Each structure stands twice: as structure tokens, then as C-alpha cells.
Amino acid sequence: PVVLQHYLVVKGSGHADHTKVEVSKYVQDNLVGLELKEYLQGLGGRSKKVLVDIARLDSRDLLRITVSTVSTDPLDWPADAVRIEKALRDYGPALITALAVDRRFLEATLTTATFRDKDFNYDATNASGLHAMVLLGIRPDVQEGHMCLVQNWHTGMELVEMSLPYLAAAGCELVFVEKPLTAIPAVLPQITAAFTEAMSDVGGEGALQEQGS
């Protein structure tokens with residue numbers, strides 16, 4: 001959420017700098033008990049709630065798209081692809097939230113950083129947590145219709161591509177912010193750095209943080 005907020009503030013203000021919400025201080029000050037557990041272990045889609053909080057949004061400011069209608073024909077833009085492409089043009093990057101991750105995603109390397117439903121064979125029965133990332137773009141693809149460019153947080157896999165069928169199988173939601181953002185609220189802890197902090201995987205083998213920031 002903090003990386004998406006940063007992108008949208010730069011877009012809305014027209015001023016590029018490295019100021020972001022300080023993740024560790026925000027979590028320490030704002031998340032307790034069950035909320036903290038959800039955030040750390042990816043149990044409840046906490047990333048969307050964090051985005052709403054740090055950007056001072058409400059439900060009317062969000063465009064939410066659940067990927068469901070897919071096509072393997074690159075010349076046939078299904079309803080989801082049309083909506084995603086238009087929303088990216090209108091509002092900029094989006095939060096991918098509550099993406100169910102299976103073990104092979106965790107074990108992927110640079111040579112397998114393209115996730116196609118056919119080749120990667122997403123396994124919903126072997127999901128090991130939820131993950132959040134940032135959607136940057138979408139393009140036609142001759143094999144699976146459409147591929148999405150995604151910013152990830154794993155070392156060596158900062159940018160990956162995921163097909164729409166893969167995203168549909170993973171059951172995620174795309175969250176676009178329709179309200180222009182021009183600044184990070186002054187009451188939030190802030191840090192100026194080229195890179196933002198990402199909390200380590202916790203909770204044992206296969207656990208994934210869902211904050212994606």
C-alpha cells in the first residue's frame with residue numbers, strides 16, 4: 001500500500017521525491033492483536049484497509065475489479081481486460097490484494113518469473129498465504145490473451161508478469177484509487193528513501209506477508 005500511495009502522490013502532485021509512509025512505525029502505532037496477525041500472516045486482506053487508512057479514503061474513492069472473465073485470444077479483450085486497461089489509463093497503478101499464493105510462487109526464480117495459468121498451473125489447494133503487489137500495466141499475449149506487469153517484493157523478482165487467467169485462479173482483487181492523491185497526510189510517520197521497507201516472511205515455512213509494501 002505505501003508504494004502504491006507513493007506512486008499516486010507523485011502522479012497527482014507532479015513532484016517526484018522519495019517520501020513514503022514509514023511502514024514499521026505505522027504498524028507499531030496502528031495495528032494490534034488480530035489486525036497485526038492478519039497483516040503479518042496474510043489472513044484477511046489487510047493491505048486494502050491499510051491503503052484506505054494511510055491515504056484517508058473511503059469506499060467511494062475506490063474502483064474494485066475482481067478478475068473473472070478471461071480469454072486466451074489476444075485480439076479479444078474480455079470485459080476484465082478492457083476495464084483494467086481503462087482504469088490504468090484513468091487512475092494509474094492499482095493494488096493487487098488478497099492474491100492466494102501457492103508454494104511454487106514462493107519457490108520461483110528469475111527464470112520462472114512469468115506466471116501463466118497453463119505453464120505455471122496455479123494450485124489453489126496448495127495455497128500458503130495471501131500476498132499484495134502493485135499492478136503497473138497490461139498487454140496482449142499470444143499464448144494467454146493478456147499479461148499483467150506486476151511489482152513484487154521478492155529479491156530478484158521485483159517485476160513479474162502474470163496472466164489474467166492466473167490472476168483469476170488466484171482469486172485476487174484489483175483496487176484502483178479514483179480520488180487524486182497529492183500528499184501523504186502529515187500525521188503519518190514518514191521516511192525519505194529510494195526503497196521502502198518490506199517485512200520478512202513470518203510464521204514458518206510458506207507464510208507470506210500480505211501488506212506488499
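Predicted model: local features only at pLDDT ≥ 70, side-chain atom pairs only at ≥ 80, totals over all residues.

Reply: Residues are numbered from 1 along each chain as its sequence is written, and side-chain values use heavy atoms, with hydrogens and water left out.

Me: How many salt bridges does the count come to?
Reply: There are nine salt bridges, a salt bridge being a side-chain nitrogen of Lys or Arg within 4 Å of a carboxyl oxygen of Asp or Glu.

Me: Which residue meets Lys48 in a salt bridge?
Reply: The partner is Glu173, with 2.9 Å from N to O. Helices (H or I, at least four residues) and strands (E, at least two) are DSSP runs, numbered from the N terminus.

Me: Is Lys48 buried or exposed? And what about Glu173?
Reply: Lys48 counts as buried at 18% relative accessibility, and Glu173 is buried at 13%. Buried means under 20% relative accessible area, exposed over 50%, and partly exposed in between (1.4 Å probe, protein chains only).

Me: What about Arg89 and Glu85?
Reply: Their side chains form a salt bridge at 2.2 Å, N to O. Both belong to helix α5 (residues 79-91), where being four residues apart separates them by about one helical turn. Arg89 is exposed at 65%, whereas Glu85 is partly exposed at 22%.

Me: Which residues do shared partners join into one network?
Reply: Lys48, Arg64 and Glu173 are joined in this way by salt bridges.

Me: And Asp58, what does its side chain meet?
Reply: Asp58 forms a salt bridge with Arg60 at 3.0 Å, N to O. Asp58 is partly exposed at 28% relative accessibility, and Arg60 is exposed at 68%.

Me: Changing topic, which residues form a nonpolar patch on the surface?
Reply: Leu136, Leu149 and Leu159 do, with about 230 Å² of accessible area together. Patches are made of residues with over 30% relative accessible area and no salt bridge, like charges being joined within 9 Å and nonpolar side chains (Val, Leu, Ile, Met, Phe, Trp, Tyr) within 5 Å. Accessible areas come from the Shrake-Rupley method with a 1.4 Å probe, and for residues only the protein chains shown count as cover.

Me: Where is Leu159?
Reply: Leu159 is in strand β7 (residues 157-163), and at 52% relative accessibility Leu159 counts as exposed.
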